[in-house]
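Dear colleague,

Please find below the structure that I am handing over to you.

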Amino acid sequence: MSAPADGGTRRRGGGKAFWLTFAGVVAAGLILANAHLVYVAVGSQPDCVPHAKSASEAGGFRAARPSC
């Protein structure tokens, strides 16, 4: 058995490319997931629920800035 011509170490060339591709896929997944969360948060408007309209009403909580 003879040693490789490059001094005894033999590496596969695809290791660095694999990890760069893997990191790119992970980064793209995170960006798409966050974009989806922003889209859903902006696109959805919850229905109005009964709540106290002023501080003088007893019982329950009131919204800081009620929109309805």
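This is a predicted model: local features need pLDDT of at least 70, side-chain atom pairs count only at pLDDT 80 or more; totals for chains, interfaces and linings use all residues.

The protein chain has 1 helix and 0 strands. Helix α1 covers residues 15-43, and Trp19 is found in it. Of the 68 residues in the protein chain, 1% are buried. The accessible surface of the chain amounts to about 6600 Å², and 65% of this belongs to carbon and sulfur atoms.

The aromatic rings deserve a description of their own. In general, a pair of aromatic rings is described by the distance of the centres and the angle of the planes. The count comes to 3 aromatic pairs. In one of them, Phe18 and Trp19 are edge-to-face, with 5.0 Å from centre to centre and 75° between the planes. The pair of Trp19 and Phe22 is also edge-to-face, because the planes stand at 85°, over the cut-off of 60 degrees; the ring centres are 5.6 Å apart. Together, Phe18, Trp19 and Phe22 form one aromatic cluster.

As to accessibility, Trp19 counts as exposed because its relative accessibility of 54% is over 50%. Phe18, at 47%, counts as partly exposed, and Phe22 is partly exposed at 44%.

Yours sincerely

Terms used. Residues are numbered from 1 along each chain as its sequence is written. Side-chain values use heavy atoms; hydrogens and water are left out. Helices (H or I, at least four residues) and strands (E, at least two) are DSSP runs, numbered from the N terminus. Buried means under 20% relative accessible area, exposed over 50%, partly exposed in between (1.4 Å probe, protein chains only). Accessible areas come from the Shrake-Rupley method with a 1.4 Å probe; for residues, only the protein chains shown count as cover. Rings of Phe, Tyr and Trp (its six-membered ring) pair if their centres lie within 6.5 Å; planes under 30 degrees apart count as stacked, over 60 as edge-to-face and the rest as tilted.
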